[in-house]
Amino acid sequence: MKRLILICLGVLTISCTSNAQQKTVKEKKTYSVSKTNAEWKKILTSDQYYILRQAGTERPFSSPLNKLYVKGTFHCAACNTPLYESEHKFDSGTGWPSFDRAVKGSVDKDVDHKLGYARSELLCGTCGGHLGHVFNDGPRETTGMRHCINGDALIFTPKESKK
């Protein structure tokens, strides 16, 4: 009986001191494009607002940008910052537009624990809008990274053909 009580106390102690129970205070970063929630709601669709400003996620395979492979640039839907070039886009099979790298200096990384474990969150480096997450299961022949991006966070601009 003593052994059972000691085991229960040990499990209780470990579970109460795990990282999931610890609150971390994040320093709020200031971005060069900053608006109130009311201002963002005026310029974004409800889906864009949900994803970019509330860190939401669209349903997989719902974005027309998922299977778009035309030459051009993917911009932030909130502030029009160029984020991804089409030459770095690949079909990950996950249902979201995927890229092996971002335009240099355009994307910030943060950590979120919304699913109970740490994930690397990707944010627009200009307005701080939530884009998606980055994983290390991308193409090994390039960067090995997969930037899994919500299509509603992006606007596509095709490359103009030279005449």
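This report walks through a sheet, a core, some cysteines and one isoleucine in a predicted model.

## Ground rules

Local features here need pLDDT of at least 70 and side-chain atom pairs count only at pLDDT 80 or more, while totals for chains, interfaces and linings use all residues. Residues are numbered from 1 along each chain as its sequence is written, and side-chain values use heavy atoms, with hydrogens and water left out.

## The sheet

Let's start with the strands (DSSP runs of E, at least two residues, numbered from the N terminus). Six of them make an open, antiparallel sheet, and reading across gives S3-S4-S8-S7-S6-S5. Two strands count as paired if DSSP finds at least two bridges between them. At the edges sit strand S3 (89-90) and strand S5 (107-112), each pairing on one side only.

How many bridges link S5 and strand S6? There are six, and the two strands pair in the antiparallel sense. Look for lysine 109: its bridge partner in S6 is leucine 122.

## The core

In soluble globular proteins, nonpolar side chains tend to be buried together. A nonpolar core here is a set of buried Ala, Val, Leu, Ile, Met, Phe, Trp, Tyr and Cys residues joined through side-chain atoms within 4.5 Å. Buried means under 20% relative accessible area, exposed over 50%, and partly exposed in between (1.4 Å probe, protein chains only).

The largest such core has 24 residues, and Leu52, Cys76, Leu83, Tyr84 and Leu131 touch the most other members. Helix H3 (46-52) gives the most to this core, with three residues; helices are DSSP runs of H or I, at least four residues.

Cysteine 76 is buried, because its relative accessibility is 0%. Cysteine 79 is in no disulfide either; its nearest cysteine sulfur, in cysteine 124, is 3.5 Å away. The disulfide count comes to zero.

## Isoleucine 43

Over in helix H2 (residues 37-43) you'll find isoleucine 43. Isoleucine 43 is partly exposed, with a relative accessible area of 46%. Leaving out residues up to four places away in sequence, isoleucine 43 touches Lys35 and Ala78. Isoleucine 43 and alanine 78 are 35 residues apart in sequence, yet their C-alpha atoms are 7.6 Å apart in space.

Key. Contact = heavy atoms within 4.5 Å. Disulfide = S-S within 2.5 Å.
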